Amino acid sequence: MNSSATAGVGTCLSTSKPLSIGLTPVPICLLRRRKRCLVIGAEAEVELAASEAQPASRRLILLRHAKSSWQHPSLRDHDRPLSKTGRVDAVTVSRKLERMGWIPQLILCSDALRTRETLNIMQEEARGFLEAEVHFISSYYSIAAMDGQTAEHLQRTICQYSRDELFTIMCMGHNRGWEEAASMFTGASVELKTCNAALLEAPGKSWEEAFAVAGYGGWELQGIVTPSSNL
């Protein structure tokens, strides 16, 4: 009897030693099933490798600060706080973003008081916002007032502070720059009222790649979250 036949009727497949008396040989059907599992496992590995090769989506939230107060006209514009309505709207929008799963891992925020207060409220309402890495960018306040410069500036600061493992970033700032940036990135006419968040998405293994691939006009607008929207 040849070695393969011996293995089929009573030899341990892993060690080629005779099986102990009283043990039942491994049924052929189980051997076939085991072989089939190995094949399926190999196919799954191929599929996994293929999926990992696909560029991941990068999600960008462009949020305009909540409504500010004009109760104290002597204050500098930079130092105006939120109004009561603004505080309520910030709560609402943070809850909606959390419910939708759009939780930023990195937040780049204007250092104006109304944007900082908007962020503080969102952090109080949604734990994910509190866990995000935060940087206050003083230039976000001034760049928003300069025609056509906000989109490029946002791209530059995002690439400066981002890392490949961060897939969702939120930039908080002001009009008119934030509307212009959202419109330039998506190629659509985007209106952002106070406490409105434009949700943008583009493929890319890094933020640099996402901006290179999508460019201006190639980001997909997933929606606009507002305090009154049914989301």
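Biologist: Let's start with H78. Is it buried or exposed?
Modeller: H78 is buried, with a relative accessible area of 16%. Keep in mind that this is a predicted model.
Biologist: Okay, and where is H78 found?
Modeller: In the loop between β1 (57-64) and α3 (84-100).
Biologist: Which side chain does the side chain of H78 make a polar contact with?
Modeller: That of D79, at 3.4 Å. Leaving aside neighbours within four places in sequence, H78 is in contact with D111, A112, L113, R114 and Y141.
Biologist: Now H65. Where does that one sit, and is it buried or exposed?
Modeller: H65 is also in the loop between β1 and α3. H65 is buried, at a relative accessible area of 6%, and that falls under the 20% cut-off.
Biologist: Which side chain is joined to that of H65 by a polar contact?
Modeller: R114, at 3.2 Å. R114 is also on the contact list of H78. Not counting residues up to four places away in sequence, H65 touches R114, T115, T118, G173, H174, T194 and C195.
Biologist: Switching to rings. How many aromatic pairs are there?
Modeller: The count comes to seven. Take F185 and Y216: their ring centres are 6.0 Å apart and their planes are at 35°, so that pair is tilted.
Biologist: Which parts does that pair tie together?
Modeller: F185 lies in helix α8 (residues 177-186) and Y216 in the loop between α9 (207-214) and β6 (220-225), so the pair links parts that are 31 residues apart in sequence.
Biologist: Which residues form one aromatic cluster?
Modeller: F185, W207, F211, Y216 and W219.
Biologist: What about the largest nonpolar core? How many residues does it have?
Modeller: It has 27 residues, and those with the most contacts inside it are L60, L62, C171, F185 and W219. Elements giving two or more residues to this core are β1, β2 (106-110), α7 (150-161), β4 (168-173), α8, β5 (197-203) and α9.
Biologist: Which residues does L62 touch?
Modeller: Outside four places in sequence, its contacts include L154, C171, W178, F185 and L200. Apart from that core lies another, of 23 residues, among them I61, V93, M122 and F129.
Biologist: Last one: how many helices and strands does the chain have?
Modeller: Nine helices and six strands. Of its 231 residues, 39% count as buried. Among contacts with a separation of 6 or more, 76% come from residues 24 or more positions apart. The accessible surface comes to about 12,900 Å², with 53% belonging to carbon and sulfur atoms.

Conventions:
Residues numbered from 1 in each chain as written. Predicted model: local features only at pLDDT ≥ 70, side-chain atom pairs only at ≥ 80, totals over all residues. Heavy atoms only, no water. Helix = DSSP H or I, 4+ residues; strand = E, 2+ residues; numbered from the N terminus. Buried < 20%, exposed > 50% of the residue type's maximum accessible area, 1.4 Å probe, protein only. Polar contact = N/O pair within 3.5 Å; in protein donor to acceptor, adjacent residues only side chain to side chain. Contact = heavy atoms within 4.5 Å. Phe/Tyr/Trp six-rings, centres within 6.5 Å; stacked < 30°, edge-to-face > 60°. Core = buried A, V, L, I, M, F, W, Y, C linked by side-chain atoms within 4.5 Å. Areas by Shrake-Rupley, 256 points an atom, 1.4 Å probe, with all protein chains shown as cover.
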